[in-house]
Amino acid sequence: MKQHEQFPLSELTSFGTGGQADIFLEIEHTEELHGVLKDYKKPLWLVGSGANTLISDAGLPGTTICLRTSTIDVRTEKDQHLYVVDSGVNWDTLVRTAIHNGHWGLELTSGIPGSVGAAVVGNIAAYGQKVSDTLKWVEVIDTTANPDITECLMGDELGLKYRYSDFQNAKLEKYVIVRAAFALQDSPTTSLAYSSALKAAKDLGITPDTLTDRRTIIMEARKRAGSLLDTSNPHHVKTAGSFFRNPEVTKEQAQAIIAFEEHDVSAKEVLLQNLLHGGDSFRVSAAHVLLAAGFKRGQNWGPVRLHPEHVLKIENTGDATSQQIYDVAKEIIETVHTKLGVTLEPEVRFLGNFK
Ligand SMILES: Cc1cc2nc3c(=O)[nH]c(=O)nc-3n(C[C@H](O)[C@H](O)[C@H](O)COP(=O)(O)OP(=O)(O)OC[C@H]3O[C@@H](n4cnc5c(N)ncnc54)[C@H](O)[C@@H]3O)c2cc1C
C-alpha cells in the first residue's frame with residue numbers, strides 16, 4: 001500500500017482538475033483494505049482512475065482510497081467462463097484479456113477508460129454491450145460495519161439500469177466494491193448494429209465476425225468519436241467523456257428534438273439507438289438536446305469548451321478549475337430545462353463541495 005499526504009488529485013482525474021486529498025491511499029491487495037477500514041480519518045472517498053469524476057477544487061478531506069488491485073481469475077464451468085476480477089483492474093485490460101482468451105461478452109466495450117469497480121458503479125456501456133449483460137455478482141465491504149466481512153451481492157440486487165447502479169445512491173453507497181464476476185461465452189452474445197461502428201468496419205474493409213476484428217472496429221469508431229483517452233500523452237484532451245446521460249423524454253419532445261438541425265432520424269431509429277446504448281425507454285441523444293437548446297460545438301467559456309465535434313464532451317483546454325466546469329454544466333442543465341422542458345442529469349460524478 002502506498003500512502004500520500006496532500007496528494008494532488010488533478011494528477012489523477014481525466015479533467016486534470018481537483019484539489020488535494022488529505023490522505024490518499026493506493027491499495028494493491030484487497031487484504032490491506034480490511035485493515036485500512038478499521039481505522040481511518042473520516043470522511044471516506046473512493047476513486048478509480050478519475051475518468052468520470054469532477055473533484056472539488058477544495059480537495060477531499062479525510063481519506064481517499066484508490067484500489068490498484070490487479071488480479072483476473074478465470075474459472076471455466078461447462079461452456080461458461082466466470083471472470084472474477086479485482087476492482088482495481090483497468091477495464092480495457094480485462095476486455096483485452098477476454099479477447100485474447102477467445103471469450104465473448106465484453107469486446108464492444110473495448111477502449112472505455114477506467115477501473116472495473118467504477119464500471120459496475122456506472123453500469124458502463126458502449127456499442128450495444130453493457131456491464132449488466134455479463135455481471136453475475138460483486139464482492140463488497142460495508143464501510144459502516146465490520147470491515148473484516150466481505151459480502152456477495154448478486155447482479156440483480158444492484159439496481160443496474162442505463163448508466164446507473166444503486167452504488168450511486170444511499171442504498172449501496174456505503175459499500176466498497178472489491179471484486180466483480182462476469183460470465184463470458186465461447187460464442188458471440190451481441191450483434192454489432194451500431195451505425196458509426198458499421199461505417200468504421202466498412203471503411204476498414206473488415207467484418208465484425210471475430211473478437212479481434214470487433215476490437216479493431218470499435219477502437220476505430222471510438223477514435224472517430226473522440227472517445228479514446230490516452231493519459232500517457234501529456235496533450236490528451238482533458239475530458240470525462242459524455243458529461244450528461246441521454247435524457248428520457250416524451251415522444252412529442254423526442255420528435256421536436258430530433259427534427260432539429262441536420263440529424264434526420266426517425267423516432268423508430270432513436271428508440272433503436274437508445275436500446276443499443278443500454279437504454280430502456282424513450283431517450284434522445286443528450287448531444288442533440290444541447291444543440292437543440294442552442295449550445296454550439298466548440299463553444300467555450302474561457303478554458304472550458306464543448307468539444308468541437310462531439311458537443312457532449314466538456315473539455316478543460318487549459319487551466320480550468322473544477323468549479324468552472326461545474327458552472328458550465330449547471331448553465332447547460334438550466335438552459336435545457338428552460339428552453340426544452342427536458343431534465344438533463346450528469347453522468348459524471350461530483351466528489352467534494354461545489355458552490
Ligand atoms: C474519453 C472518455 C470516454 C468514455 N467513454 C465511455 C463509454 O463509452 N461508455 C461509458 O459508459 N463510459 C465512458 N466514459 C466514462 C468512464 O470511462 C467510466 O465512467 C468509467 O467507469 C470510469 O472509471 P474510473 O475508474 O475512472 O472511475 P472514477 O471516475 O474514478 O469513479 C467513478 C465513480 O465510481 C466510484 N468508485 C470507484 N471505484 C469504486 C469502488 N471500488 N467501489 C465503489 N465505488 C467506486 C467513485 O467514487 C465515483 O463515484 C468515458 C470517459 C472518458 C474520459
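This is a predicted model: local features need pLDDT of at least 70, side-chain atom pairs count only at pLDDT 80 or more; totals for chains, interfaces and linings use all residues.
Two residues are in contact if their C-beta atoms, placed from the backbone, lie within 7 Å. Residue numbers start from 1 along each chain as its sequence is written.

**View 1. Contacts of Leu 94 in the nonpolar core.** Leaving aside neighbours within four places in sequence, Leu 94 is in contact with Ile 72, Tyr 83, Val 85, Val 89, Leu 106 and Val 116. Leu 94 is also among the residues with the most contacts inside the largest nonpolar core, which has 96 residues. A nonpolar core is a set of buried Ala, Val, Leu, Ile, Met, Phe, Trp, Tyr and Cys residues joined through C-beta atoms within 7 Å. Buried means that 20 or more other C-beta atoms lie within 10 Å of the residue's own; exposed means 12 or fewer, and partly exposed falls in between, with C-beta atoms placed from the backbone. In soluble globular proteins, nonpolar side chains tend to be buried together.

**View 2. The whole protein.** The protein has 10 helices and 17 strands. Helices (H or I, at least four residues) and strands (E, at least two) are DSSP runs, numbered from the N terminus. The C-alpha trace spans about 55 × 55 × 35 Å along its principal axes. A compact globule of 355 residues would have a radius of gyration near 20 Å, and the protein agrees, with 20 Å. That radius is taken over C-alpha atoms, and the globule rule is 2.2 Å times the number of residues to the power 0.38. Buried residues make up 48% of the 355 residues. Of the contacts with a separation of 6 or more, 65% join residues 24 or more positions apart.

**View 3. Strand 5 and its parallel partners.** Strand 5 (residues 60–67) is mostly covered, with 6 of its 8 residues buried. Strand 2 (residues 20–27) pairs with strand 5 in the parallel sense over 6 bridges. Two strands pair if DSSP finds at least two bridges between them. Ile 27 has Leu 67 of strand 5 as its bridge partner. Strand 3 (residues 44–47) also runs parallel to strand 5, joined by 4 bridges. There, Leu 44 stands opposite Thr 63.

View 4. Strand 6 pairs with strand 7 (residues 80–86) in the antiparallel sense over 6 bridges. Val 74 has Tyr 83 of strand 7 as its bridge partner. The hairpin has 2 residues between the strands, and Lys 78 takes a positive phi near 50 degrees.

View 5. The 5 strands follow the order 6-7-12-10-11, with antiparallel pairing. Strand 6 and strand 11 (150–154) are the edges: each pairs on one side only. Neighbouring strands are turned by 20 degrees against each other on average, direction ignored. Strand 10 (residues 135–142) pairs with strand 11 in the antiparallel sense over 5 bridges. Trp 137 stands opposite Met 154 in strand 11. Helix 1 (residues 30–38) packs on the sheet, touching strand 7, strand 10 and strand 12 (175–185), and its direction makes about 155 degrees with that of strand 12. Helix 2 (residues 91–100) packs on the sheet too, touching strand 6, strand 7 and strand 12; its direction makes about 155 degrees with that of strand 7. Axes are lines fitted to C-alpha atoms, for helices over the stretch in contact, and angles run from 0 to 180 degrees between N-to-C directions.

**View 6. Leu 37 in helix 1.** Leu 37 lies in helix 1. Leu 37 is buried, because 20 other C-beta atoms lie within 10 Å. Not counting residues up to four places away in sequence, Leu 37 touches Ile 141, Thr 143 and Pro 147. Thr 97 is 60 residues away along the chain, and the C-alpha atoms of Leu 37 and Thr 97 are separated by 31 Å.

**View 7. The two sides of helix 5.** In helix 5 (residues 195–204), the buried residues are Ala 197, Ala 200 and Ala 201. Seen down the helix axis, they fall within an arc of 100 degrees, so they line one face. The arc is that of the directions from the helix axis to the C-beta atoms. Helix 6 (211–224) is included in what covers these buried residues. On the other side of helix 5, Lys 202 and Asp 203 are exposed. Gly 205 follows the helix, with a positive phi near 75 degrees.
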